[in-house]
Amino acid sequence: MNNQANDSVLKFWDERASLGDLAGTNDFVLTGIEQSYLLDTIPRGSRVLDIGCGNGSSLIKLVDQKGCTGVGIDFSEEMVKLAKQASQSQGLGERVEWHRRGVPPVPNEWAQFDVAYSQRCLINLASAEQQKEAVLSVKDTLNSGGIYIMIECFMEGAEETNLLRRRLGLQAMDAPWHNLFFHLHEVKSWSTPSFYMEKVVHVSSTYHLLSRVVNAKLAADSGEALRYDSAINLLAAQLPQEIGEFGPVKACIWRKT
Ligand SMILES: C[S@@+](CC[C@H](N)C(=O)[O-])C[C@H]1O[C@@H](n2cnc3c(N)ncnc32)[C@H](O)[C@@H]1O
């Protein structure tokens, strides 16, 4: 990323740090779905690296509820400060470290991890080259057999949703100004024999179908403002998420051999 672009993205995230549950995205229901997936998937007691940890809410849940230990990194000093405060105030400070670090590459200066994950962090990088460097560098942070849970945004799922939106007369949704969505087929091709994408989970497909298509259409027709906490969205979050392949957010599971 050139320095100016990087500065604007950093400023954006620094300014969001104080937003509590909304710091990572205004769509707190989506954050909850991603966190449930991480809590269900990551084995108890794992040593975990959170890439782009924000205010630490995901890693703190893993430490608190799954007995994990780990490290959270983020390029925003404000986010790191709040993550540290939150873990200390919950008495978890000894089991987790927070560091201000930018990617790429993902730093490998700590003892290796069983699991690394990112939640919509690498879409903030300005080019596919930087994104590729970041993804492939995760390998060096992992134990052999370790996994990287890449929860990021992909064009394919965004297009799948936009197809239905257009059908109902709604405008297509574009990536926000500070995001560059990945292309699934391209990312898959970055696999090597020693670090490869094992599977793709459509981690919030049902939620995106119901919130971004059905609820969006009902709100447009009734003239009501769209709300992330609408009844349909809250119900959608309780359903199995792999109905279809909707929504940009996917969890790609990478394994180090
Ligand atoms: C969408 S937020 C997600 C935060 C948190 N993981 C969550 O889900 O609540 C993305 C995070 O990535 C961080 N980030 C963006 N670009 C980064 C970079 N190049 N290096 C490190 N962190 C970055 C931002 O500061 C922000 O906290």
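Modeller: Let's start with a cut-off: a residue is near a molecule if its C-beta atom, placed from the backbone, lies within 6 Å of it. Keep in mind, too, that this is a predicted model.

Biologist: Fine. With that cut-off, how many residues surround the ligand, and which are the closest?

Modeller: There are 20 residues around the ligand, and the closest are W13, G24, G52, G54 and F75. By class, that shell splits into 11 polar, seven nonpolar and two charged residues.

Biologist: On to the helices. Why are α6 and α8 called roughly parallel?

Modeller: Helix α6 (residues 155-167) and helix α8 (residues 205-222) pack at about 20°, with their axes 10 Å apart. Angles under 35 degrees count as roughly parallel, and α6 and α8 are therefore given that label. Their crossing is right-handed.

Biologist: Which residues make that contact between α6 and α8?

Modeller: On the α6 side you have T161, L164 and R165, and on the α8 side H208, R212, V213 and A216. Sorted by class, the α6 contact with α8 has three nonpolar, two polar and two charged residues.

Biologist: And α2 with α3: what is the angle there?

Modeller: Helix α2 (residues 28-41) and helix α3 (residues 57-66) pack at about 40°, and their axes are 10 Å apart. The crossing of α2 and α3 is right-handed.

Biologist: Which residues of α2 and α3 meet?

Modeller: Q35, L38 and L39 from α2 meet S58, K61, L62, Q65 and K66 from α3. That contact of α2 with α3 comes out as three nonpolar, three polar and two charged.

Biologist: Now the sheet. In what order do the seven strands run?

Modeller: The order is β3-β2-β1-β4-β5-β7-β6, in an open sheet with mixed pairing.

Biologist: What makes β3 and β6 edge strands?

Modeller: β3 (96-100) and β6 (195-201) each pair on one side only. From one strand to the next, the twist averages 20°.

Biologist: How do you know that β2 and β3 count as a pair?

Modeller: The test is at least two bridges, and β2 (residues 69-74) has five with β3, in the parallel sense. As for I73, its bridge partner in β3 is H99.

Biologist: What makes the backbone at P104 and P105 worth a look?

Modeller: Most peptide bonds are trans. The bond from V103 to P104, though, is cis, with omega near 0°, and the one from P104 to P105 is cis as well, with omega near -10°. P104 is in the loop between β3 and β4 (113-119), and that loop also holds P105.

Biologist: And what stands out about phi at R120?

Modeller: Most residues other than glycine have a negative phi. R120 isn't a glycine, yet its phi is positive, about 50°. You'll find R120 in the loop between β4 and α5 (128-137).

Definitions and conventions. Residues are numbered from 1 along each chain as its sequence is written. This is a predicted model: local features need pLDDT of at least 70, side-chain atom pairs count only at pLDDT 80 or more; totals for chains, interfaces and linings use all residues. Axes are lines fitted to C-alpha atoms, for helices over the stretch in contact, and angles run from 0 to 180 degrees between N-to-C directions. Helices (H or I, at least four residues) and strands (E, at least two) are DSSP runs, numbered from the N terminus. Angles under 35 degrees count as roughly parallel, over 145 as roughly antiparallel, 65 to 115 as roughly perpendicular and the rest as oblique. A crossing is left-handed if the near helix is turned anticlockwise from the far one by less than a right angle, and right-handed if clockwise. Two residues are in contact if their C-beta atoms, placed from the backbone, lie within 7 Å. Ala, Val, Leu, Ile, Met, Phe, Trp, Tyr, Cys and Pro count as nonpolar, Asp, Glu, Lys and Arg as charged, and the others, Gly among them, as polar.
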